[in-house]
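Morning, everyone. I have one structure to go through today. Please have a look at it before I start.

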Amino acid sequence: MLDNSAESWLTGYTDLTLAYQEANPKASADDLLSSLRVGCAAMLCSASPLSVPVERPHIVDAALEAYGRLRHEAALMLLDRLPVLEEALRDALR
């Protein structure tokens, strides 16, 4: 079962995906469903803006550290809940 924040996120994501499907009727349900995994991979692989301190470590501040931690937690939550999220999106796309 998803908590309220995950439910809110999934509702918004589902609404966005359904709107995209309406605007692009040739988009396959499989492609739309895969967007969850692609988004998760993009979040995990993207180094920006966390790569900036490699060359300029003096710019690291509390906000950047908090952003990095929150982004990491969000990625782990998405990975952990991916099967449930995919099933809910699959149901909505039917």
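A definition before the charges: Lys and Arg count as positive here, Asp and Glu as negative, and His and the chain ends are left out. On that count the protein carries 8 positive and 14 negative charges, and their mean positions lie 4 Å apart.

Now, what you are looking at is a predicted model. The average pLDDT of the protein is 85, and 94% of the residues score at least 70. Which element has the lowest mean pLDDT, and which the highest? The lowest belongs to helix H3, residues 52-55, with a mean of 78, and the highest to helix H2, residues 29-45, with 89.

On to the fold. There are four helices and zero strands, and the order along the sequence is α-α-α-α. The protein is more spread out than a compact globule, because its radius of gyration is 16 Å, well over the 12 Å that the globule rule gives for 94 residues. Along the principal axes, the C-alpha trace spans about 50 × 30 × 20 Å.

Next, contacts and surface. Take the contacts between residues at least 6 apart in sequence: 67% of those join residues at least 24 apart. How much of the protein is buried? Buried residues account for 23% of the 94. The accessible surface is about 6500 Å², and carbon and sulfur atoms contribute 60% of that.

That is what I have. Comments are welcome.

How values were computed
Residues are numbered from 1 along each chain as its sequence is written. This is a predicted model: local features need pLDDT of at least 70, side-chain atom pairs count only at pLDDT 80 or more; totals for chains, interfaces and linings use all residues. Side-chain values use heavy atoms; hydrogens and water are left out. Helices (H or I, at least four residues) and strands (E, at least two) are DSSP runs, numbered from the N terminus. The radius of gyration is taken over C-alpha atoms; the globule rule is 2.2 Å times the number of residues to the power 0.38. Buried means under 20% relative accessible area, exposed over 50%, partly exposed in between (1.4 Å probe, protein chains only). Contact means heavy atoms within 4.5 Å. Accessible areas come from the Shrake-Rupley method with a 1.4 Å probe; for residues, only the protein chains shown count as cover. The place of a charge is taken as NZ of Lys, CZ of Arg, CG of Asp or CD of Glu. pLDDT is the predictor's confidence in each residue, from 0 to 100.
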